[in-house]
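Good morning. I will go through one structure today, starting with its strands and ending with its rings. Please have a look at it first.

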Amino acid sequence: MIEYPDRPNIVWIVCEDMSPEHLETYGGTGGKTPFLNELAKESLQYDNAFSTAGVCAPSRAALITGAYQTSIGAMHMRTTGMSAAAKDVYPPGYKNYSVVLPEEMYPYPIYLRQAGYYVSNNSKEDYQFKTPVMMWNESGGKAHWRNRKDPNQPFFSIFNFTISHESQVWSRENEELLVDPKDVSVPPVYPDDSLTRRTLARFITNVMRMDMQVGEVIAQLKEDGLYDNTIIFFYSDHGDGMPYFKREVYDRGLKVPLYVKAPFLEPGTTTDELVSFVDFGPTLLSLAGIQIPETMQGQAFLGAQKAVPRKYVYGARDRMDSEYDRVRAVSDGRFKYIKNFMPEKPNYQNIRYRLQNPLMLHLLDLHEKGQLTPEQDRWFDTTKPEEELYDTQSDPYEFVNLVGNQDYQEKLVEMRMALEDWMIKYGDKGALNEVEMVNDWWGGQETAPVTSTPEVSFQNGKISLKSATPSTLFGYRKSKNDPWEVYSQPFEWNAGDSLYVNAQRIGYEASEISLIVQ
């Protein structure tokens with residue numbers, strides 16, 4: 001029997017832009033993923049795991065906060081930087097911004113660090129806000145559990161692999177393929193021709209190379225004697241990065257692979273339990289023995305605080321680069337209901353960044369020539385229905401809208417109400433004008449507010465920190481060469497020592513001071 005510690009080591013291995021079916025345990029599309037196959041043999045495989053958006057930054061905001069991006073104003077893609085390809089078509093008055101998190105809402109790494117974890121991120125963040133200095137012990141291309149000074153300190157380490165990102169389809173276009181285009185599976189949303197097959201072969205090749213990177217992390221855990229007792233999550237940050245997949249709220253945009261390997265889980269098993277990205281943070285804290293804060297809207301699906309399995313998962317689409325839309329979706333694992341708040345717009349958005357994908361240009365050309373099937377060409381319809389309902393079991397690509405089918409009226413009413421209840425319970429800032437929302441956060445200023453200068457008191461050999469700005473996070477250190485420690489309670493300090501303090505409410509600019517403690 002493996003002894004399970006109160007503070008287990010946890011590793012998240014995250015890839016980008018990949019639907020489950022590319023992995024052989026989920027069916028496969030022609031590529032080989034031997035390292036993930038081996039991980040799956042020792043894991044619980046989730047067949048109904050969903051991101052909250054079909055694109056990275058909004059979904060990552062839900063991951064880091066445990067809250068729906070629509071409820072906190074983090075739903076637009078993306079907030080911290082305009083798309084270089086479309087800067088001239090953003091709305092008047094638009095500015096880059098960090099999302100101002102609601103009061104008392106903090107990212108999960110803060111709770112882990114306060115509980116004594118070494119927390120590393122290698123290396124993508126993209127959480128819709130500027131990262132405060134105290135959030136990670138380290139974040140960057142060299143971040144690793146191996147960098148902690150105390151080998152007995154529990155760790156939480158993320159490894160983000162970007163090779164499967166949509167951009168790698170065109171940036172690696174001339175590299176060797178690891179799969180023959182004639183051997184790949186072509187989904188029915190695409191024409192089955194040579195250009196489609198070659199583009200898919202490039203994407204699948206990138207997935208195969210990502211699989212090798214996963215193998216390297218697992219090998220390092222084994223080298224360090226940590227593999228057996230470490231909890232490992234593997235997942236993608238949303239569905240596929242290909243056209244008519246990424247950015248959509250269909251299952252092909254939201255559904256993700258998820259393996260969880262843990263000493264207490266039966267290896268090589270599967271579950272159809274519904275899980276959402278908002279559940280990952282609560283589950284992480286539950287596994288680490290940390291009380292889940294009330295600000296987290298998700299629920300734990302593992303650990304001591306495991307909740308009753310959820311009945312529904314939710315997804316959303318809002319601004320993508322410069323293009324606005326507002327779509328909401330709810331799924332019970334089989335039936336998917338979609339509410340289009342802007343039915344006058346097509347599903348297709350003229351996203352300039354995506355035009356670098358040769359398959360995107362190919363689809364546009366075939367559309368202009370009238371050579372796509374009705375199912376493929378539906379993407380380019382000039383309008384879309386106000387409501388959509390699909391049976392994803394019999395219709396996995398969500399082609400047949402059941403809204404007008406009398407046999408499904410009861411299910412339609414159920415799913416419509418489930419979505420309305422969700423929006424009422426958590427709120428939906430997608431209904432707000434984005435520029436006005438940011439102006440409200442900033443109090444009408446031209447730039448983000450600055451966090452109030454931290455107040456430092458020294459009494460009985462201990463330092464206390466506070467700020468007039470609500471929900472301020474504090475970091476402190478003795479010298480500029482030291483890493484930032486995260487403040488949770490008064491700490492011991494020696495009179496005469498230097499003290500550097502960084503104070504920041506997430507979404508505001510940081511305030512920093514340095515002084516000699518008297």
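This is a predicted model: local features need pLDDT of at least 70, side-chain atom pairs count only at pLDDT 80 or more; totals for chains, interfaces and linings use all residues.

Strand E14 and strand E15 (residues 462-466) pair in the antiparallel sense, over five bridges. Two strands count as paired if DSSP finds at least two bridges between them, and helices (H or I, at least four residues) and strands (E, at least two) are DSSP runs, numbered from the N terminus.

Residues are numbered from 1 along each chain as its sequence is written, and side-chain values use heavy atoms, with hydrogens and water left out.

Back to the sheet. E14 and E15 belong to an open sheet of three strands, in the order E14-E15-E18, with antiparallel pairing. Its edge strands are E14 (455-459) and E18 (491-492), and each pairs on one side only.

There is also an open sheet of four strands, ordered E17-E16-E19-E20, again with antiparallel pairing. Strand E17 (485-486) and strand E20 (511-516) each have a single partner strand, so one side of each is left without a neighbour in the sheet. Strand E16 (residues 473-477) pairs with E17 over two bridges. Gly475 has Val486 of E17 as its bridge partner.

Now a helix. Helix H6 (residues 194-223) has 30 residues and should span 44 Å at 1.5 Å a residue; its end C-alpha atoms are 43 Å apart, which agrees. The expected span is 1.5 Å times one less than the number of residues. Just after H6, Gly225 takes a positive phi of about 70 degrees.

Next, a single residue. Is Arg319 buried or exposed? Arg319 is buried, with a relative accessible area of 0%. Buried means under 20% relative accessible area, exposed over 50%, and partly exposed in between, using a 1.4 Å probe and protein chains only. Arg319 is in the loop between strand E10 (313-317) and strand E11 (327-331). The side chain of Arg319 reaches the backbone oxygen of Arg78 at 3.1 Å, and one of its polar atoms lies 2.7 Å from the backbone oxygen of Asp321. Leaving out residues up to four places away in sequence, Arg319 touches several others, including Tyr90, Tyr94, Tyr97 and Glu434; contact means heavy atoms within 4.5 Å.

Last, the rings. How many aromatic pairs does the structure hold? The count is 41. Rings of Phe, Tyr and Trp (its six-membered ring) pair if their centres lie within 6.5 Å; planes under 30 degrees apart count as stacked, over 60 as edge-to-face and the rest as tilted. The rings of Trp145 and Phe155 have centres 5.4 Å apart and planes at 15 degrees, so that pair is stacked. Both Trp145 and Phe155 are buried. For Tyr250 and Tyr390, the centres are 6.0 Å apart and the planes at 75 degrees, so this pair is edge-to-face. It links distant parts of the chain, 140 residues apart, with Tyr390 in strand E13 (residues 387-391).

Finally, Arg252 lies over the face of Tyr244, at 4.4 Å from the ring centre. For a charge to sit over a ring, NZ of Lys or CZ of Arg must be within 6 Å of the ring centre and within 35 degrees of the ring normal.

Terms used:
A polar contact is a pair of N or O atoms within 3.5 Å; within protein, one must be able to donate a hydrogen and the other to accept it, and residues adjacent in sequence count only if both atoms are side-chain atoms.
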